[in-house]
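Colleague: I would like to go through this model feature by feature. For each one, tell me how to read it and then what is there.

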Amino acid sequence: MTASHVAIIMDGNGRWAKKRLLPRAAGHRAGFKRMLALIDHAFSCGVTCLTLFALSMENLSRPKEELDGLFGIFRDYFPAQSRRLKEKGIVLRVIGNTSLLPADIQEMISDAERLTAGGENGALVLAIAYGSMQEIVGAANRAVREGKEVTEEEFSALLGTAGLPPLDLLIRTGGEVRLSNFLLYQAAYAELYFSKKLFPDFSNGDFDRVMEAYSLRDRRFGRI
Ligand code: IPE
Ligand code: IPE
Ligand code: MG
C-alpha cells in the first residue's frame with residue numbers, strides 16, 4: 001500500500017547551517033528549496049495529501065532576527081509557488097493560528113488559498129504558527145459553544161485538518177524523536193518514521209526509502 005496522506009516535520013535547518021558555518025537563515029533557505037522539490041516529488045509518487053510543518057506555535061518565540069528571516073523567505077517564494085500549485089491543480093491549505101503572522105503574510109496566504117481552491121490533483125497543507133494542543137483545545141471549545149457532545153468524526157471536523165484523508169505516515173527529519181506539538185490527534189494511527197538526515201539533506205531518494213519502508217509495515221489497527 002502506498003501512503004496517501006504524508007506529513008513531514010521539516011527539522012534540522014539550523015544545524016545544517018551551523019555545520020557549514022553559515023547563518024541559520026541560510027539553513028532555512030536551503031530547507032525551503034528542498035521542500036519545493038520534495039513537494040513535486042511526493043505528488044509524483046502517488047501522495048494525494050502532503051502536510052508540512054513549517055513553523056510551530058513555539059517557534060514564534062524564537063529571536064526576531066530568525067523570524068524575520070523566515071518571513072522573508074515566505075515573502076520571496078509564496079506568490080510564485082502558489083501560481084505553480086494552481087497550474088498543477090493542487091489545493092493549498094494553511095493550518096495554524098495565522099492571525100499571529102505579519103499582516104502581509106496573512107494576505108498572501110488567503111490569496112494563495114483562494115487561487116488554488118477547487119484544484120483536483122491533491123492537497124498541500126502547510127502548518128504555519130501551528131500547535132496541535134491549541135488546535136484540539138480550540139475544537140473542544142467550539143463543541144462546547146455549540147452545546148452538544150461530539151463523536152470522533154464530528155470532532156475531526158472541528159480541527160484545522162477537517163475533510164483531509166486520515167494521516168498514513170508521519171516523517172520527522174533532523175534526528176529528534178518527538179512530535180513537538182504536531183498533529184497529535186491526527187497521528188493516532190499514523191506510521192511514524194524518524195530520519196537522522198537534517199531537512200536540507202533529506203533527498204527525494206530518502207523520501208523514496210521511507211515510502212518503501214512504509215509499504216512493508218503491517219498496519220493492524222488493533223486487529224490480529
Ligand atoms: C526547522 O529547523 C525549521 C523551523 C523550525 C522553522 P530548525 O530551525 O528547528 O533547525 P534545528 O533544529 O535548529 O537544526
Ligand atoms: C518542530 O521543530 C517544528 C518545525 C519543524 C516547524 P523544532 O525544532 O521547533 O522542535 P523542537 O524544539 O526540537 O521540539
Ligand atoms: Mg529544530
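Colleague: Which residues is E66 in contact with, leaving aside its neighbours within four places in sequence?

Modeller: With those neighbours set aside, E66 is in contact with R24 and H28. Bear in mind throughout that this is a predicted model.

Colleague: Where is E66 found, and is E66 buried or exposed?

Modeller: E66 is found in helix α3. Burial is read from relative accessible area, with under 20% counting as buried. E66 has 12%, so E66 is buried. Its side chain also makes a polar contact of 2.9 Å with the side chain of R62.

Colleague: What span should α3 have, given its residues?

Modeller: The usual check is to compare the expected span with the distance between the end C-alpha atoms. Helix α3 covers residues 64–88, 25 residues in total, and at 1.5 Å a residue α3 should span 36 Å. The end C-alpha atoms are 35 Å apart, which agrees.

Colleague: Where does α3 bend?

Modeller: The bend is at F78 and amounts to about 40 degrees. A proline, P79, follows within four residues.

Colleague: Which residues of α3 are buried, and what covers them?

Modeller: The buried residues are E66, L67, L70, F71, G72, I73, F74, Y77, F78, Q81, S82 and L85. F78, where α3 bends, is one of the buried residues. The cover includes the helices α2 (24–44) and α4 (103–116), together with the strands β2 (49–56), β3 (90–95) and β4 (122–130).

Colleague: How does α2 compare with the length expected at 1.5 Å a residue?

Modeller: Helix α2 has 21 residues and reaches 30 Å from first C-alpha to last, close to the expected 30 Å.

Colleague: Which residues have a positive phi although they are not glycine?

Modeller: The background is that most residues other than glycine have a negative phi. L21 and A129 each have a positive phi of about 55 degrees. L21 is found in the loop between α1 (13–19) and α2, whereas A129 is in strand β4.

Colleague: Is each of them buried or exposed?

Modeller: L21 has 81% relative accessibility and therefore counts as exposed. A129 has a relative accessible area of 1%, so A129 is buried.

Colleague: Let us turn to the ligands. How many residues surround ligand 1?

Modeller: Ligand 1 is surrounded by 13 residues, and the closest are D11, G14, R15, R24 and R62. For polar atoms, read the distances pair by pair. An oxygen atom of ligand 1 is 2.8 Å from an N or O atom in the side chain of R24. R24 is also one of the residues in contact with E66. On the backbone side, a polar atom of G12 is 3.4 Å from a ligand 1 oxygen, and an N or O atom of N13 is 3.2 Å from one. Of the 380 Å² of accessible area that ligand 1 has on its own, the protein covers 87%.

Colleague: Which residues are around ligand 2?

Modeller: They are I9, M10, D11, F53, A54, L55, N59, R62, R172, R178 and S180. From polar side-chain atoms to an oxygen atom of ligand 2, the distance is 3.1 Å for D11 and 3.3 Å for R172. For an N or O atom in the side chain of S180, the distance is 2.6 Å. Taken alone, ligand 2 exposes 390 Å², and the protein buries 78% of that.

Colleague: What does S195 touch, not counting residues up to four places away in sequence?

Modeller: S195 touches R172, T173, G174, G175 and F202. R172 is one of the residues around ligand 2. S195 sits in the loop between β6 (191–194) and α7 (204–215), and at 10% relative accessibility it counts as buried.

Colleague: How far apart are G160 and I95 in sequence and in space?

Modeller: They are 65 residues apart in sequence and 5.5 Å apart in space, C-alpha to C-alpha. G160 lies in the loop between α6 (152–156) and β5 (169–172). Leaving aside neighbours within four places in sequence, G160 is in contact with R93, I95 and E135. Its relative accessible area is 32%, so G160 is partly exposed.

How values were computed: Residues numbered from 1 in each chain as written. Chains lettered and ligands numbered in written order. Predicted model: local features only at pLDDT ≥ 70, side-chain atom pairs only at ≥ 80, totals over all residues. Heavy atoms only, no water. Helix = DSSP H or I, 4+ residues; strand = E, 2+ residues; numbered from the N terminus. Buried < 20%, exposed > 50% of the residue type's maximum accessible area, 1.4 Å probe, protein only. Contact = heavy atoms within 4.5 Å. Expected span 1.5 Å × (residues − 1). Bend = angle between axes of the 7 residues up to and from the residue. Near = heavy atom within 4 Å. Polar contact = N/O pair within 3.5 Å; in protein donor to acceptor, adjacent residues only side chain to side chain. Areas by Shrake-Rupley, 256 points an atom, 1.4 Å probe, with all protein chains shown as cover.
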